[in-house]
Amino acid sequence: ATWRFVTEEVQGQVQYVYAEEFAKRISEKTDGKITVEPYEYGGLGTETDQVAALQGGAVELAVMSPGFTGNMVMEGQIFALHFLFPDSVEKTQEILNTSEALNVDLVKQYETHGITPLAFWTEGAMAWSSNKGLREPADFDGFNMRIQESPLMQESYKAYGASPQALPWGELYTALDRGTVDGQENPVFFIYDAAFNEVQDTVTLSNHNNYVAMTTVNTDWYNSQPENVQNVISETVDEMQDWVYDEQDRQNTEYAEAMENDTDNPTEIIELTEEQREEFRKLALPIRDYYRENISTVDGAILDKLEEEISAVTE
Ligand code: 6CS
């Protein structure tokens, strides 16, 4: 058998090397009986096209960012909340691995749309890029912020005073270059690998949340697989949680250094003090109620449980 595995990233980037490593492991475990074909971002359209491809069965597996299911799986936007997970990326991953709110309750929400998330993993702490230098909420006044297809991301940046605009990342470099948008959020590895630093003068290490991705499968396809095949998939996905944590950590560390030393494209790296982060946190907190009241279809029950799970890890 051959399984198609689409990712939202290209050669060398975290999601794509994840799919390559997954392919290698599946081939080894099945003595070559199953081949996994990783697909780079672009060939199958935008990220939202890829979501549709997984749902329709054109691909069996996908790495998917919840932001691109923002207009469909309402609860999945929980990851767009700022300052919810711990500041530590490692602790965040621990919660992503163990949370029942996510791995049971949120999975059920995705399954009603034909998408089964098998794992949630971080691609690193988020940073903001811009030309003006983002240090305080006032810097977002009238700022055209690029976001993914998520009403909650929209709300989060409106709370800072920005004008958010949804775009696929394939259009982002040009949009930043032409000034159609003023800035964007991503982990440092992605900012540097996608060369956004060529067209942006500053990067703010805001750590306002984590970039979370999901390993997903088409629900009907997965359920129709024999148990031993399902076990090989889920076992491989579980094993790879530590692997992908290390991979994103390596890329984020390496690219942070490369960005600092890039004399062709000098980038001012802005580190926020705790006081500065507090100003953003204050504006971000009420968005949790917005999520409960206007986004959630289960009255915020998943967020309530997740908040408890997060406190248990941080206290
Ligand atoms: O900004 C984005 O939309 C892209 N960022 C990452 C880290 N992965 C894929 C995604 O489409």
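**Terms and their grounds**

Modeller: This is a predicted model. Strands β1 and β3, residues 61–64 in the latter case, run parallel and are joined by two bridges.

Biologist: What makes β1 and β3 a pair?

Modeller: Pairing takes at least two bridges. β1 and β3 have two, so they pair. One partner couple is Phe5 with Leu61 of β3.

Biologist: How do you know that β1 pairs with β2?

Modeller: Five bridges join β1, residues 2–6, to β2, residues 35–39, against a requirement of at least two. These strands run parallel, and Thr2 stands opposite Thr35.

Biologist: Why is the unit of β1, α1 and β2 called right-handed?

Modeller: The word applies because, with the strands pointing away from the viewer, the path from β1 over α1 to β2 runs clockwise.

Biologist: What is the span of α1 set against?

Modeller: The expected span is 1.5 Å times one less than the number of residues. For the 16 residues of α1 that gives 22 Å, and the helix reaches 22 Å from its first C-alpha to its last. After α1 comes Asp31, with a positive phi near 50°.

Biologist: What makes Trp169 part of the ligand's surroundings?

Modeller: Trp169 is among the surrounding residues, so its C-beta lies within 6 Å of the ligand. By class, the shell has four nonpolar, three polar and four charged residues.

How values were computed. Residues numbered from 1 in each chain as written. Predicted model: local features only at pLDDT ≥ 70, side-chain atom pairs only at ≥ 80, totals over all residues. Nonpolar A, V, L, I, M, F, W, Y, C, P; charged D, E, K, R; others polar. Helix = DSSP H or I, 4+ residues; strand = E, 2+ residues; numbered from the N terminus.
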